[in-house]
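Colleague: I am new to this structure and would like a close look at one part of it, the central packing, explained slowly and with each term made plain.

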Amino acid sequence: MTDQLKNKDTNTKTVVTFIIGAAASGKTTFINNHFSDSGNTVILNIYDYQQAAYKEAGFSKQVSLGQDFKCLYKANENLSVDIIKALQEGKNVVVEQTLYKAKRRIAYIDAIRNSFENIAIEVYV
C-alpha cells in the first residue's frame, strides 16, 4: 500500500475507509502508516467507543452478556453518528473495526449512502 491510498487532493471525493481485521492483526499499524499524516482525516476506533459505553454504563471489569450487548449497540450507534458528523464537516474518515459479519458493515454503509451522494467507501480486510 502506498500513497495512492491517501486522499491528499482536496478536489477529490470525501472518503470513508473501513479497516477490518482480527485483534492484533496490524490494523492500527496499517492506519498509522497510510492515513495518520492527513490533517483532513479523522481516525475512529470502535474499541474506544466500546470502552466509553462500558464506562458510561458503570462497568469497569465484568459485564453480563445482556448488558454487553446493550453497550456494544450503543458503541456502534455512537460510532455511526461520529462518522456522519465528520463527513458533514468535509473530513475523510478511517474506521478501525472488526466487522466480521457483512450485515454489520452494511448498516454503516447504508447510513452513509442514505446521508450523502458523493462519498467514496473503501473497505480493507
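Modeller: The crossing of α3 and α4 is right-handed, a crossing being right-handed if the near helix is turned clockwise from the far one by less than a right angle, and left-handed if anticlockwise. The model is predicted, so local features need pLDDT of at least 70 and side-chain atom pairs count only at pLDDT 80 or more, while totals for chains, interfaces and linings use all residues. Residues are numbered from 1 along each chain as its sequence is written, and side-chain values use heavy atoms, with hydrogens and water left out. Helices (H or I, at least four residues) and strands (E, at least two) are DSSP runs, numbered from the N terminus.

Returning to the helix pair, α3 and α4 pack at an angle of about 35°, and their axes are 10 Å apart; such axes are lines fitted to C-alpha atoms, for helices over the stretch in contact, and angles run from 0 to 180 degrees between N-to-C directions. On the α3 side, N76, L79, S80, I83, I84 and L87 meet R104, Y108, A111, I112 and S115 of α4, where contact means heavy atoms within 4.5 Å. I112 in particular, leaving aside its neighbours within four places in sequence, is in contact with V16, F18, I83, I84, L87, I119 and I121.

The sheet is the next piece of the picture. An open sheet of four strands has the order β2-β3-β1-β4, with parallel pairing, and two strands pair if DSSP finds at least two bridges between them. Strands β2 and β4 (119-124) stand at the edges with a single partner strand each, so one side of each is left without a neighbour in the sheet. From one strand to the next, the twist averages 15°.

Taking the pairs in turn, β2 (residues 41-45) and β3 pair in the parallel sense over five bridges, with I43 partnered by V94 in β3 and L44 partnered by V95 in β3. Strands β1 and β3 likewise pair in the parallel sense over five bridges; here V16 stands opposite V93 in β3, and the bridge partner of I20 in β3 is Q97. Between β1 and β4, which run parallel, there are six bridges, one of the pairs being F18 with V123 in β4.

Strand β3 has six of its six residues buried, so it is largely enclosed by the rest of the structure, buried meaning under 20% relative accessible area, exposed over 50%, and partly exposed in between (1.4 Å probe, protein chains only). From β3, N92, V94 and E96 point one way while V93, V95 and Q97 point the other way, and all are buried. N92 has a relative accessible area of 6%, and the side chain of N92 reaches the backbone nitrogen of V15 at 2.8 Å. Strand β1 is also mostly covered, with seven of its seven residues buried: T14, V16, F18 and I20 point one way, and V15, T17 and I19 the other.

In α2 (residues 46-56) sits Y49, which is buried with a relative accessible area of 15%. Leaving aside its neighbours within four places in sequence, Y49 is in contact with L44, A75, N78, L79 and D82. The side chains of Y49 and D82 are joined by a polar contact of 2.5 Å, that is, a pair of N or O atoms within 3.5 Å; within protein, one must be able to donate a hydrogen and the other to accept it, and residues adjacent in sequence count only if both atoms are side-chain atoms.

What, then, touches the most other members in the largest nonpolar core? Of its 23 residues, these are F18, L79, I83, L87, V93 and I112, a nonpolar core being a set of buried Ala, Val, Leu, Ile, Met, Phe, Trp, Tyr and Cys residues joined through side-chain atoms within 4.5 Å. At least two residues of this core come from each of β1 (14-20), α2, α3 (65-88), β3 (92-97) and α4 (102-115), and the largest share, seven residues, comes from α3. A second, separate core of six residues includes F30, I31, F35 and Y124.
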